[in-house]
Amino acid sequence: MIASMGLFAVEDSFIKAASVTLPVGQVLILFGLGGAVVFAALAQLNKTPLFVPEVLSRPMRIRMVFEVVGRLFYVLALSMIPLSAATVILQATPLVVVAGATWVFGEQVGWRRWSAIVVGLIGVVIIVQPGTDSFSMLSVLAIIGMIGFAGRDLASRAAPRSLGTVTLGFYGFLAVMVAGILFSIWQGAAFVTPSLQALLFLAGAVASGTTAYSFLMKAMRTGEVSAVTPFRYTRLLFGIGMGIVLFGESLTFPMLLGSALIVASGLVILWRGKQAAKAQ
C-alpha cells in the first residue's frame, strides 16, 4: 500500500510536469491511451476477456462518468495549483465515500463517524480558505476531482464481481482518454508535437500509475482492509514532499491544520468501522 501511494504521487508529479508544455486535454488522451494499452496487454497475457456484457452494466456506466469527472478535474487542478494542495484535498475522498455509502447502499453510520466526516470536511474548508485573500477558485477543481473519485469508488463497489482488476483498469484508462477528448473539444486547443522530455514524463506517469494501481489492488485483496487502508494517507506525505522538492512549493499553517483534520477523521472512521464490524 505504501509503495502504491508513493507511485501515485510520482504519477501526479509526472502529469504536472507534462502539463507545463502540453495542453491538459492532450495529456489526458496520451496518458489514458498508454494506460489502456498496458492493461490490454496484461489482459492478453492473462487471457482475460475485456469485451464482456458486464462492462455495459449500470454501475460500470456510472463508474465511467465519475472516472471522467474525477480524472479531468484532478488533472486540471494538478496543472494549475500546487501538487501538495491537490494531494491534500484528494485525501478527503474516503470521507465522501463513507457519507455516500449511507445513501447509495443504505449503510448505517453512527454519530461518531458522521462527526469525523464533518471534521474532515472542515479540514478541506480550512485548506481552501473561502472568503479570504488566499482563496483561489482553482482549488475547487481539486474538490470536484475528489468528488468524482469518490463516486467512482462507490460505483466500483457495485460493479459486477466478475470484472477483475485488469478489466477495471483498462476501462478506467479509457475513461481518462474520453475526458481528454471531451476537454480538448470544449477548449478548442490545437494539439502540439510533444517534446522528448514531455513523452518521457507521460511514459513515467503511465508506468508509475499502472504499477501503483496493481499494487493497490494487491494490497486491498490480500491484506486485511482495516490494516492496510490507513497507509493510504502516506500519499499525502509523498505528495507534499515531492511538491516541496520538485516544484519548490511551501507549506502553510492552514494546509498543515487541514491535513491533520482530514487524516485524523479518516483514521477515526476506519477505527469505528472496525469496531462496528466486530460488534456484528
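Me: Okay, starting with α2: which residues are buried there?
Reply: In this predicted model, the buried ones in α2 are Val24, Gly25, Gln26, Val27, Leu28, Ile29, Phe31, Gly32, Gly35, Ala36, Phe39 and Ala43.

Me: How many residues does α2 have, and how far does it reach?
Reply: Helix α2 covers residues 24-45, so that's 22 residues by the usual helix assignment. From its first C-alpha to its last it reaches 32 Å, close to the 32 Å expected at 1.5 Å a residue.

Me: Some of those buried ones sit a few places apart. Why would residues three or four places apart point the same way?
Reply: An α-helix has 3.6 residues a turn, so residues three or four places apart end up pointing the same way. In α2, Gly32, Gly35, Ala36 and Phe39 are among the buried residues.

Me: What comes just after α2?
Reply: Just after α2 there's Lys47, with a positive phi of about 55°. That's a positive value in a residue other than glycine. Lys47 lies in the loop between α2 and α3.

Me: Is Lys47 buried or exposed?
Reply: Exposed, because its relative accessible area is 73% and the cut-off for exposed is over 50%.

Me: Back to the inside. How many residues are in the largest nonpolar core, and which have the most contacts?
Reply: The largest nonpolar core has 72 residues. Ile15, Leu28, Phe31 and Val88 have the most contacts inside it. Leu28 and Phe31 are also on the buried list for α2.

Me: What does Val88 touch?
Reply: Leaving out residues up to four places away in sequence, Val88 touches Ile127, Leu236, Ile240, Met255, Ser259 and Ile262.

Me: And Thr87, where is that one?
Reply: Thr87 is in helix α4, residues 83-90. Thr87 counts as buried because its relative accessible area is 1%, and buried means under 20%.

Me: What about Ser13, buried or exposed?
Reply: Buried, because its relative accessibility is 7%. Ser13 has its place in helix α1, residues 2-18. Beyond residues up to four places away in sequence, Ser13 touches Leu83, Met242, Leu246 and Phe247.

Me: New topic: how much space is in the second largest pocket?
Reply: About 310 Å³. Of the 14 residues that line this pocket, Ile62, Phe66, Val104, Gly151 and Leu154 are the closest to its centre. The elements giving two or more residues to the lining are α3 (58-80), α5 (93-104) and α7 (139-158).

Me: Which one gives the largest share, and how do the lining residues divide?
Reply: The largest share comes from α7, with 6 residues.

Me: Where does Leu163 lie, and what does Leu163 touch?
Reply: Leu163 lies in the loop between α7 and α8, and at 4% relative accessibility Leu163 counts as buried. Not counting residues up to four places away in sequence, Leu163 touches Val52, Glu54, Val55, Met60 and Leu168. Leu163 and Glu54 are 109 residues apart in sequence and 7.4 Å apart in space, C-alpha to C-alpha.

Me: Last one: what is Tyr171 in contact with?
Reply: Setting aside neighbours within four places in sequence, Tyr171 is in contact with Leu50, Phe51, Val55, Met60 and Met64. Val55 and Met60 are touched by Leu163 too. Tyr171 is found in helix α8 (residues 165-187), and counts as buried at 12% relative accessibility.

Notes. Residues numbered from 1 in each chain as written. Predicted model: local features only at pLDDT ≥ 70, side-chain atom pairs only at ≥ 80, totals over all residues. Heavy atoms only, no water. Helix = DSSP H or I, 4+ residues; strand = E, 2+ residues; numbered from the N terminus. Expected span 1.5 Å × (residues − 1). Buried < 20%, exposed > 50% of the residue type's maximum accessible area, 1.4 Å probe, protein only. Core = buried A, V, L, I, M, F, W, Y, C linked by side-chain atoms within 4.5 Å. Contact = heavy atoms within 4.5 Å. 1 Å grid on protein atoms, 1.4 Å probe; cavity = no way out; pocket = protein on both sides within 12 Å on 5 of 7 lines; lining within 4 Å. Points joined across faces, edges and corners; volume = space filled by probe spheres on them.
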